[in-house]
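Please read them with the structure open.

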Amino acid sequence: MSATSMEQLVSLCKRRGFVFQDSEIYGGLKGTYDFGPLGIELKKNIRDAWWRAMVYERDDIEGLECSHLSHHLVWKYSGHESTFSDPLCDCKKCKARIRADHIQDGKCPECGSTDLTEPRPFMLMMKTNIGPVDDGSSFAYLRPETAQGSYLNFKNVLVSTARKLPFGICQHGKSFRNEITPRNFLFRQREFEQAEMQYFVKPGTDIEWWNKWKEIRRQWWIDQGIPENKLRFKDHEQLAHYAKCATDIEYEFPWGFDEVEGIHDRQDFDLGSHTKNQSKFDIQANVMKNTDSTTELSYLDVFDGNKTYIPYVVETAMGLDRAFVVLMMDAFTQEQLPNGTERIVLKLKKHLAPVKVAVIPLKRNNPEIMKMAHDIKDSLLKTGIGRVMLEDSGNVGKAYRRHDEIGTPLCITVDFDSIEQSPATVTLRNRDTMEQERIEVAKLADYLKDFFR
Ligand code: ATP
């Protein structure tokens with residue numbers, strides 16, 4: 001059974017150190033969160049699983065990392081400056097600001113008043129000043145998506161890697177949106193991480209690739225442990241300014257199906273728009289006419305009569321923080337045990353688990369047991385399976401409970417028999433079955449390498 005409410009998840013995240021409210025001691029900053037010791041491990045593992053599937057396991061995709069700040073003209077020509085807004089209403093009674101499409105039955109969700117202003121567009125991009133002069137002219141936008149950086153570098157990647165179409169550029173990193181109503185924990189924040197891929201194709205093959213990418217991405221979610229019946233596609237009825245066709249992969253949250261990833265056919269909207277606005281040299285004045293784009297983002301197709309054209313783009317755009325929520329929610333399990341007690345266990349797939357193995361010394365004041373536990377931890381770390389943790393809180397029962405809750409697939413307990421008997425053995429406990437077995441210390445590394453393969 002997965003988590004039935006966001007509250008269950010938020011509570012686990014705080015209790016066990018996955019996620020904390022940002023600026024908590026000052027009352028918190030709405031729509032921003034900090035990732036704790038286990039949260040960063042889980043997020044890294046999700047990011048790695050995505051990168052592995054999208055870059056390492058394919059031969060047609062390269063990686064890229066762009067700046068969070070970018071020239072304001074990028075966002076002018078991308079269309080964001082004029083269109084990236086949500087309709088906003090004000091409640092005249094309680095002064096709440098509400099996204100018009102979140103208003104049900106014409107009532108303010110905060111106080112129930114029907115005295116609302118007409119919807120007006122609210123710009124979602126965040127602006128910041130750059131440089132020492134604050135005269136309003138030297139500003140930059142914090143990027144609201146990673147995609148534009150991949151378009152601007154299309155030529156750089158194409159030339160430096162000697163790629164041919166079709167090929168893709170993957171990028172993950174922070175994006176910023178001044179969301180009117182951040183809500184549902186990490187689901188809708190003002191600062192969040194995206195994992196996006198732009199796939200450049202020959203015009204006319206875009207729909208075929210859009211369909212292929214829908215299936216590839218759906219399968220990725222299934223490979224991370226999400227049951228098929230909790231996923232669905234939802235085609236966009238209202239298309240974004242750049243899209244020809246778009247679908248969302250939705251997951252069944254406790255509040256219903258909602259978006260976790262978008263697959264968009266952006267055609268040549270972005271590359272074309274940046275290209276159309278490239279600089280022109282004014283011969284008479286002997287100056288560049290403007291400071292707009294200087295590069296034609298086109299492609300010379302040597303396999304098609306040396307034609308030059310602007311490639312079409314199919315985009316897959318996932319929110320890493322939303323993936324974090326989905327994977328934790330789905331793994332969250334409350335189990336009734338035969339002895340009448342209950343346990344919470346996070347049944348994450350092994351490759352996603354923040355801690356792979358916990359080594360638990362039975363007595364932390366016994367130097368021999370402690371030394372063996374340290375030695376085992378050090379030797380297992382060398383196997384490359386991921387984080388191995390020494391758990392010397394001093395109470396084995398509590399340690400098992402803690403590691404069930406954070407999803408550690410295996411616990412190893414070092415006890416008196418371990419140091420007294422030869423060959424040395426330890427207890428190995430499995431998170432899901434709770435079965436325990438004795439295993440020789442000398443055989444541990446091979447066992448674990450096999451288990452985590
Ligand atoms: P929504 O309709 O939920 O506002 P969107 O359609 O604007 O999302 P995209 O621009 O397609 O989203 O962004 C791609 C992905 O980035 C989304 O599927 C989502 O997982 C993630 N994402 C977008 N906005 C946020 C946000 N405010 N907080 C967390 N993740 C987000």
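1. Two strands pair if DSSP finds at least two bridges between them. Helices (H or I, at least four residues) and strands (E, at least two) are DSSP runs, numbered from the N terminus. Four bridges join strand 5 (residues 85-90) to strand 7, and the two run antiparallel. Ser85 has Met123 of strand 7 as its bridge partner.

2. This is a predicted model, in which local features need pLDDT of at least 70 and side-chain atom pairs count only at pLDDT 80 or more, while totals for chains, interfaces and linings use all residues. Residues are numbered from 1 along each chain as its sequence is written, and side-chain values use heavy atoms, with hydrogens and water left out.

3. The aromatic cluster consists of Tyr151, Phe154, Phe167 and Phe200. Rings of Phe, Tyr and Trp (its six-membered ring) pair if their centres lie within 6.5 Å; planes under 30 degrees apart count as stacked, over 60 as edge-to-face and the rest as tilted. The whole structure holds 18 aromatic pairs. Phe154 and Phe167 are stacked, because their ring centres are 6.0 Å apart and their planes lie at 20°. Phe154 belongs to helix 6 (residues 154-161) and Phe167 to strand 10 (residues 167-176), 13 residues apart.

4. A charge sits over a ring if NZ of Lys or CZ of Arg is within 6 Å of the ring centre and within 35 degrees of the ring normal. Lys214 lies over the face of Phe233, 5.0 Å from the ring centre. Arg429 has its charged end over the ring of Tyr400, at 4.5 Å from the centre.
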